[in-house]
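Please read the following explanation alongside the sequence and the coordinates, following each chain in turn.

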Amino acid sequence: MFGYIVRRSVMTIPVMGVVALIVFALLHFAPGDPAAIMAGDSASPAQLAEIRARLGLDQPLHIQFFYWLGQLGQGHFGTSLHSHKPVAEMISSRIGPTLSLAVTTMTFSLLVAIPMGVYAAWARGRLSDRLVMMMAVLGFSTPVFVTGYALIYLFSLNAGWFPVQGFTPLATDPVRFLQTATLPTLTLSAVYVALIARITRSSVLEILGEDFIRTARAKGVPEARVVLRHALRNAAVPIVTVAGSGAAFLISGVVVTESVFNIPGLGRLMVESVLARDYPLIQSLMLLLSLIYILINLGIDVLYMVFDPRIRA
Amino acid sequence: MKMSAVLPAARERRAGQWRARLRGNGLTIAASAFLVCLVLVAIFAPLLTSADPILINAVNRLKAPSAQFWFGADTMGRDLFARVVYGARTSLVVGVVAAGASLLLGLLIGLVCGYFPIVDSVLMRVMDGIMSIPSIVFAVALVAITGANLVTVLLAIVLPEFPRVVRLVRGLILSLRNEAYVEAAVSLATPAWRILLSHMLPNTLAPLIVQGSFILASAILTEAVMSFLGVGLPPEVPSWGNIIADGRSYFQLRPGLVFFPGIPLALTVLAINLIGDALRDALDPKLARRG
Amino acid sequence: MKLHMKMASSLLAAVVSTLLICVPATASELKIVMESRLGNLDPILSASHQTRDHGYLIYDTLFALDAEQKIHPQMVDSYKVSEDGKVYTFTLRDGLKWHNGAPVTAADVVASIKRWGKRDRMGIALMSITSDVSAADAKTFSLTLSTPSGVILDAFAKPSGVPLFIMPAKVAETPVTEAITNYTGSGPFNFKADEYQPGVKAVYVKNENYVPRKEEPSWFAGGKLAKVDRITRIEMADPLTSLNALNSGEVDYVQNINSDLMPLVNASKVTTARLDQLGYQISYRFNHLQAPFNNKLVRQAALWAIGQQEVMQAQFGAPENYKLCGAVFGCGLPYESDVLAEMVMKPNVEKAKALLKQAGYDGKPVTILHISDIPSLSSVAPVMAQQLRAAGFVVDLQAMDFMTMLSRRANQGPTTEGGWSIFITSWHNTEIQEPLRNFMIVAEGKGGYAGWADVPAIPQLTKAFLTAGSEAERKEIATKIQSIVYDEGVFAPLGSFARISGFGKDVRGVLPAPANIFWNISKGAP
């Protein structure tokens, strides 16, 4: 088992390398000029050239790439072109809201989606099953920002239950945190609930058709116990897999949700840095978000093995 | 002799089943009808409205819906109904072209990867790398760098999407390689391109069609999200995402600026996903049995 | 009259002291939201207005303008001009201290003038006729000119472009292409660098060492009294968000309320005002290096094709939200003129078509850099495109954010290689009100401001303006420049607008000014 984890971890290294190369290439073949952005509205061509030289932008590309990798290796992520703050500091100051949003979304989605999926599987073919599945497809199809604005319209503007936008950290004011985090969480959860409910339903259905379930039922095990203990437990593997691969949706969703609700998290930072052409920040964020994604998938593979020992073979 | 007699019968039975399933599902029918209508709207947009979707007329800015402006007018006094109607055209064209390009590119590279193990190990690492960058992040960064126009937006949708097709096709090819008839063809020294074209390609079509429908839905969504974030098609272009991006600051004053383009967008993606689900159930007997 | 003043000031003192006693021990905090993000923290390197307003919180200036646009000493106590008008000697007032308590010296001022003089347009002009700037002792410094000029104090007092903020000598020695990293100032507030989160918030606290002047505050002049303990600047990306936050009392002050959203303002909780009456000039420049605007007739055709009314109405809606103005140096300002203004004010499609025909315009596309992320500019380019097309131009409208525009604008190449034909921008009226500050008239060829017009008469006249002997002479020169600018198609104004700001009913003492200033503001029940 340990060997497997090591092997699986080593496999992520070339992937990270490819990601780094793509990110670097993407930003360095860009026609934009970070120096012009930095210099602002009234810089002279001579001042531009000086800034370019200072940023090392006049060096050959391969030197810039290896220099950049070396810096990354030492934990230097560069300095923002605009705020002149270290990129690492800017990212760490923005990670809180995104992390709390991810946690509330995950928790809420699993709490809602798994019962939904199990119920739909149990009530297979009935109207309630169809309704649940229809809701799931709807959640999956509605663009995150449309869901977000619909929720703001219903619950903030009409009902007045929640603030329209903004974010308060949990540590500052827990009540306010819940108020500001509810709508973004619901918005982000729509896609996630849909994904997990669907996979829960189909995996539970598949297991319900297996021989050992029939045996259990024949032995007179109560139906609830059959569904919950036997079926759901065996459906855990696909659910975990989908929850993990849904992390990609979560990361993309965060970018949009934070824009809709004006939450100062990593997603907003990504959009801001892109709009400001803050290249060192864009690079680091792309790398970081990809790394998170890769690590989540690594985690899933490991979990997968814990749940399903057959893979160890 | 016996085999060939049984096979067509089985195939016919299965085909009949899925035709019945497609027909039997009211939702799928409604979704198909909606999509047909949408395509008609997109094609005949100029007949539906005489207003020019990009003509600015400051006098009309932010007008409420009325007999003249069915959906009201936007921040520059452009007719919102016309913009939404022409937006259907933009969304469908972007979606279809992006899905088509992803499938084609994915199919080509997938066939190569699946059949030539030497290329495979290198190309698949690259694909893994691309797939490790969250697609919106990738798309947003790509457009930020290259500037927003139709080609770069298409590229930004296709690049993160096509590796998934590669992976699908490659998996199919790898399993097909072990089939008896392929092994037979190989042992008869049939050229690789011939095996790929006549034995393997036809078998990838069904899963590709299913995958294609999901890519279509996701491409339409991605275009809208990119425009919403301000890195999509030029704001003049009537696209549903652009209309929402343009109207979001006035949302509280005129919710229609967000909902008139937002609802058709959600319905379109929903319809395509429903049809995709139905197709998968119909084409994949293993999954179908469960439902 | 004098008695009244005295009574008023003693009354004010009484009110202030009661307020000070009544204010509870808890710290008062003012939460503000500005129109766009605070990016750069170096107010000399960056001419961004957000950076400038940050500068006014933490730095002080030598001179300052009051609401009548009269120049008053601020850090300076007194000054003398030699009889030949060539030597200015200044003495600093008592009690000036840096945030760390160290005294402000004349050496600090000299270093600050030198850095500013390498960056600000007016500063550079001033340095071109300055033979020496040096400190005589800790409180006295002097400026020696090679030619007398009537605008020295104007340059020291001007509030926009790059104001002459005074920094410690050690900070002011940073090269002008590099951003400063030490934010020590001598202004009414301290910047809390440890609490600064770019894109999220910036925090300022009251500077206990600050000794304000005794005069009443007016614009940037007079006593700059910090009346709140803490100012938190919160960044919000969306105008709707900031308005909602103001309505609900989550924030106290919002710099810009979109005029279309005025119906949503909760009038029982929020006061709205146009604090900055002078406002901004929106304008555009042609690229003189590349086709089609390398032809003077084509530039003139475009000037005739574009009209102000259509652009401003599409952008700002109701007429009270904008002003049409055909003057290069702004309307209601000293150098306003209407010479040749008809070229830029009303569209004349026939004239434009005739000029295009005469020029032999071949349908070469006009690439407009369209800034889509700044709410007060987002409708400008599409309307201009529509007007140019009506006159027979082929237009390629390229949408981008402001930052990309800056980067694209530096490209001198043809439009097929990432170049451009027209860019649009806006300047505060105090930044364009005379030739020495105005960037839009710059016509110094390839080394000059983007657009690279090469009209030697303009820099010559600008130089003459610097050394002109009388106001009448300056006025004449400015009018002459306007006629050349329009005839050559260097740039054209589109009109001006003033922002509506909003603040809570419990926020008192908000001062009108052509920048956002936060001294004199207090919070709490009356």
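Predicted model: local features only at pLDDT ≥ 70, side-chain atom pairs only at ≥ 80, totals over all residues.

Residues are numbered from 1 along each chain as its sequence is written, chains are lettered from A and ligands numbered from 1 in the order in which they are written, and side-chain values use heavy atoms, with hydrogens and water left out.

Chain A has 14 helices and zero strands, where helices (H or I, at least four residues) and strands (E, at least two) are DSSP runs numbered from the N terminus. Its C-alpha atoms fill a box of roughly 85 × 55 × 35 Å along the principal axes. Of the 313 residues of chain A, 52% count as buried, a term that stands for under 20% relative accessible area, with exposed meaning over 50% and partly exposed the range in between (1.4 Å probe, protein chains only). The accessible surface of this chain comes to about 13800 Å², and 69% of that surface belongs to carbon and sulfur atoms; such areas come from the Shrake-Rupley method with a 1.4 Å probe, and for residues only the protein chains shown count as cover. Among contacts (heavy atoms within 4.5 Å) in chain A between residues at least 6 apart in sequence, 72% join residues at least 24 apart.

Once neighbours within four places in sequence are left aside, Thr185(A) is in contact with Leu101(A), Thr104(A), Thr105(A) and Phe108(A).

Where chain A meets chain B, 48 residues of chain A are in contact with 46 residues of chain B. The two chains bury about 4000 Å² between them, 77% of it on carbon and sulfur atoms; buried area here is the accessible area (1.4 Å probe) that two parts lose on being put together, summed over both. Ser141(A), Phe145(A) and Tyr149(A) supply 16% of the area that chain A buries against chain B, which is more than any other three residues. Across this interface the rule finds one salt bridge, the term being used for a side-chain nitrogen of Lys or Arg within 4 Å of a carboxyl oxygen of Asp or Glu. The salt bridge pairs Arg198(A) with Asp277(B), whose closest N and O atoms are 2.9 Å apart.

Over all chains the structure holds 36 salt bridges. One of them joins the side chains of Lys85(A) and Glu89(A), at 3.0 Å from N to O; Lys85(A) is buried because its relative accessible area is 12%, whereas Glu89(A), at 38%, is therefore partly exposed. In chain B, the side chains of Arg78(B) and Asp74(B) meet at 2.9 Å, N to O, in a salt bridge, and both of these residues are buried. In chain C, a salt bridge of 4.0 Å, N to O, links Asp60(C) with Arg93(C). This pair connects distant parts of the chain, since Asp60(C) is in strand E2 (residues 60-61) and Arg93(C) is in the loop between strand E6 (87-92) and helix H3 (106-119), 33 residues apart. Asp60(C) and Arg93(C) are both buried. Salt bridges that share partners also join Arg94(A), Arg268(A), Glu272(A) and Arg37(C) into one network.

The count of disulfides over all chains comes to one, with a disulfide taken as a pair of cysteine sulfur atoms within 2.5 Å. It joins Cys325(C) to Cys331(C), with 2.1 Å from S to S, and this link is right-handed, with 95° about the S-S bond. Cys325(C) counts as buried because its relative accessibility is 6%, while Cys331(C), with a relative accessible area of 30%, is partly exposed.

Finally, Val36(B), Val39(B), Leu40(B), Ile43(B), Phe44(B) and Leu47(B) make a nonpolar surface patch of about 580 Å². Patches consist of residues with over 30% relative accessible area and no salt bridge, like charges being joined within 9 Å and nonpolar side chains (Val, Leu, Ile, Met, Phe, Trp, Tyr) within 5 Å. Helix H2 (residues 26-43) of chain B gives the most to this patch, with four residues. Val36(B) is found in that helix, and Val36(B) is partly exposed because its relative accessible area is 49%.
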